[in-house]
Amino acid sequence: MTLASTSTLAISEMREFAGFEPGEQAFIKRSLDVGLARCDAFRLWGTSEAERIAIRRQYVAYQDLKPLRAMIPPGGAPGEIERFIGKLVRIAAFDLAQDRIASFSAFRFLYERLIGPEIRPFLPSAFCAAAALPQIQPERRKILLQSLSEAAATAPGWSKASPRFFPEHVGEAEAA
């Protein structure tokens, strides 16, 4: 990949991220901090007791991310799909139940960074399964499922390019 195409990809990812709601952006950044162990999420994001509890739950839910990365079925091997999809849907259901991700686009953006580009073919099915679970309120379930475009649901192939832009928390002092 050339420098120009890498830069173009990073800029398009930044634009996509900028289009998400502020709450989605914050949740994605916090989730990347927790899931990729980039920093002490309690110190950075734990502004209240409720937030610290949510972060603790997220650390527990994300414990399976590392094994999940290693078990992505090569070429969609049917024998390994059940365990893999089960773990992926469980983590996805946790994230969707937080009411901080409002669309498939935000979900995809987060998960291709948490797990890697190899996850892309599995994301529409995991998203639909998690969004359709009973712990998601019916009105929210409808919004989530309608956010999955026909193009994303029926894509004949997926890019193998690794994400280039990984958003990070910027404190008020750093922003100034």
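1. Glu168 counts as exposed because its relative accessibility is 55%. The classes are: buried, under 20% relative accessible area; exposed, over 50%; partly exposed, in between (1.4 Å probe, protein chains only). Glu168 sits in the loop between helix H10 (150-153) and helix H11 (172-175). Helices here are DSSP runs of H or I with at least four residues, strands are E runs of at least two, and both are numbered from the N terminus.

2. A note on the basis of these values. This is a predicted model, in which local features need pLDDT of at least 70 and side-chain atom pairs count only at pLDDT 80 or more, while totals for chains, interfaces and linings use all residues. Residues are numbered from 1 along each chain as its sequence is written, and side-chain values use heavy atoms, with hydrogens and water left out.

3. What does Glu168 touch, beyond its neighbours within four places in sequence? Its partners are Lys29 and Arg38. A contact is a pair of heavy atoms within 4.5 Å. Glu168 and Lys29 are 139 residues apart along the chain, yet their C-alpha atoms are separated by 5.5 Å.

4. Asp33 belongs to helix H2. With a relative accessibility of 3%, Asp33 counts as buried. Apart from residues up to four places away in sequence, Asp33 touches Arg38, Cys39, Leu44 and Trp45.

5. Ala37 has a positive phi, near 50 degrees. Ala37 lies in the loop between H2 and H3. At 63% relative accessibility, Ala37 is classed as exposed. Asp99 has a positive phi as well, near 60 degrees. Its place is the loop between H6 and H7. Asp99 is exposed too, because its relative accessibility is 51%.

6. Gly23 is part of helix H2. Its relative accessibility of 34% makes Gly23 partly exposed.

7. Now the whole fold. The chain has 11 helices and zero strands. Read from the N terminus, the order of elements is therefore α-α-α-α-α-α-α-α-α-α-α. The C-alpha trace spans about 50 × 45 × 30 Å along its principal axes. The radius of gyration is 16 Å, which agrees with the value near 16 Å for a compact globule of 176 residues. That radius is taken over C-alpha atoms, and the globule rule is 2.2 Å times the number of residues to the power 0.38.

8. Burial and contacts follow. Of the 176 residues in the chain, 41% are buried. Among contacts with a separation of 6 or more, 68% join residues 24 or more positions apart.

9. The largest nonpolar core holds 44 residues. Such a core is a set of buried Ala, Val, Leu, Ile, Met, Phe, Trp, Tyr and Cys residues joined through side-chain atoms within 4.5 Å. Which members touch the most other members? They are Leu88, Leu96, Phe107, Leu110, Tyr111 and Ile115. Two or more residues of this core come from each of helix H2 (22-35), helix H3 (41-45), helix H4 (49-61), helix H5 (65-70), helix H6 (78-97), helix H7 (104-114) and helix H8 (123-131). H6 gives the largest share, eight residues.

10. Leu110 shows this packing in detail. Not counting residues up to four places away in sequence, Leu110 touches Phe27, Ile28, Ser31, Leu32, Tyr62, Asp95 and Ile101.

11. Last, the surface and the charges. The chain exposes about 9600 Å², and carbon and sulfur atoms supply 57% of it. Areas come from the Shrake-Rupley method with a 1.4 Å probe; for residues, only the protein chains shown count as cover. There are 22 positive and 20 negative charges, with mean positions 3 Å apart. Lys and Arg count as positive, Asp and Glu as negative; His and the chain ends are not counted. Each charge is placed at NZ of Lys, CZ of Arg, CG of Asp or CD of Glu.
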